[in-house]
Amino acid sequence: MVGVVAAAAVAVELLPGLEATGADRTAPTAGIEAADDPLGTPLAPPAGGGAHQFAQLQDDGVAPVAYDPCRPVHYVVRPDNAPYGADLLVSDAVARISAVTGLQFIDDGATDEAPSDTRDPFQPDRYGDRWAPVLITWDTVAEQPDFAADVAGQAGSLAVSVGDGSAVYVTGAVELDAAQFTEIVGRPGGQAVARAIVLHEFAHLVGLDHVDDPAQLMYPTTSAVLDFAAGDLTGLSRLGAGACVPAL
Ligand SMILES: [Zn+2]
């Protein structure tokens with residue numbers, strides 16, 4: 001496959017000055033849905049490990065920023081422009097990421113929210129008193145000009161912290177190129193390539209960055225690698241073992 005690029009993570013930043021009370025609040029009530037213990041267990045990493053990179057590290061420079069494993073990761077899908085088989089592509093990727101990381105995902109159904117580079121992580125009018133769910137969209141080139149080039153998708157999450165505590169991802173976005181996926185799934189063998197790109201993007205969503213090793217699915221361009229390899233699995237296992245942060 002020539003030139004189909006799955007772009008780097010986006011929207012990774014720390015929010016300043018969260019305010020969880022009063023009329024000007026910018027964050028939901030703390031601890032919504034937070035359990036006392038992780039909801040799932042990451043797969044043990046393969047013996048020997050492999051190349052992986054995290055999108056963002058904690059202040060210690062070692063531990064990755066990750067989703068809170070003590071609460072579910074909600075997601076919504078904007079169905080506009082979706083290619084043939086889109087529902088299965090998304091549900092398969094969610095199931096696979098969940099199996100590897102132990103993170104639990106909840107499908108909140110369809111939305112009409114459009115993708116945005118400046119998405120508000122707290123939208124009480126649309127989603128109620130909670131962090132906005134992960135937004136999955138099939139973008140037009142008008143919506144995401146990066147897709148005019150050979151970029152098939154991009155994804156990332158937003159990290160928040162309280163005081164000196166661990167940064168934790170609270171929401172994110174997966175943007176997929178509607179026109180390019182429609183073309184890919186129409187090719188012989190294209191379903192497997194489409195699945196691989198969506199898996200790659202969901203790995204960005206939960207906190208993996210690209211690696212230079214072409215044997216990994218997190219290599220920046222599509223290749224013969226159509227599933228997670230040892231390095232990807234090692235990184236995803238770490239990302240399923242983040243800190244629980246009920247203060248958010
Ligand atoms: Zn990528």
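**Exercise 1. At what angle do helix α3 and helix α4 pack, and how far apart are their axes?**

This is a predicted model, in which local features need pLDDT of at least 70, side-chain atom pairs count only at pLDDT 80 or more, and totals for chains, interfaces and linings use all residues. Residues are numbered from 1 along each chain as its sequence is written.

Step 1. Locate the helices: α3 covers residues 178-185 and α4 covers residues 190-205. Helices (H or I, at least four residues) and strands (E, at least two) are DSSP runs, numbered from the N terminus.

Step 2. Read the geometry. The angle is about 145 degrees, and the axes lie 7 Å apart. Axes are lines fitted to C-alpha atoms, for helices over the stretch in contact; angles run from 0 to 180 degrees between N-to-C directions.

Step 3. List the contacts (C-beta atoms, placed from the backbone, within 7 Å). F181, I184 and V185 in α3 meet G190, Q191, V193 and A194 in α4. These residues divide into five nonpolar, two polar and no charged. Here Ala, Val, Leu, Ile, Met, Phe, Trp, Tyr, Cys and Pro count as nonpolar, Asp, Glu, Lys and Arg as charged, and the others, Gly among them, as polar.

**Exercise 2. Find the buried residues of α3 and say what they pack against.**

Step 1. Apply the cut-offs: buried means 20 or more other C-beta atoms within 10 Å of the residue's own, exposed means 12 or fewer, and partly exposed is in between, with C-beta atoms placed from the backbone. In α3, A178, Q180, F181 and I184 are buried.

Step 2. Look down the axis of α3. Its buried residues fall within an arc of 160 degrees, so they line one face of the helix. The arc is that of the directions from the helix axis to the C-beta atoms.

Step 3. Name the partners. The buried residues pack against β6 (134-139), β7 (151-160), β8 (168-177) and α4.

Notes: Contact = placed C-beta atoms within 7 Å.
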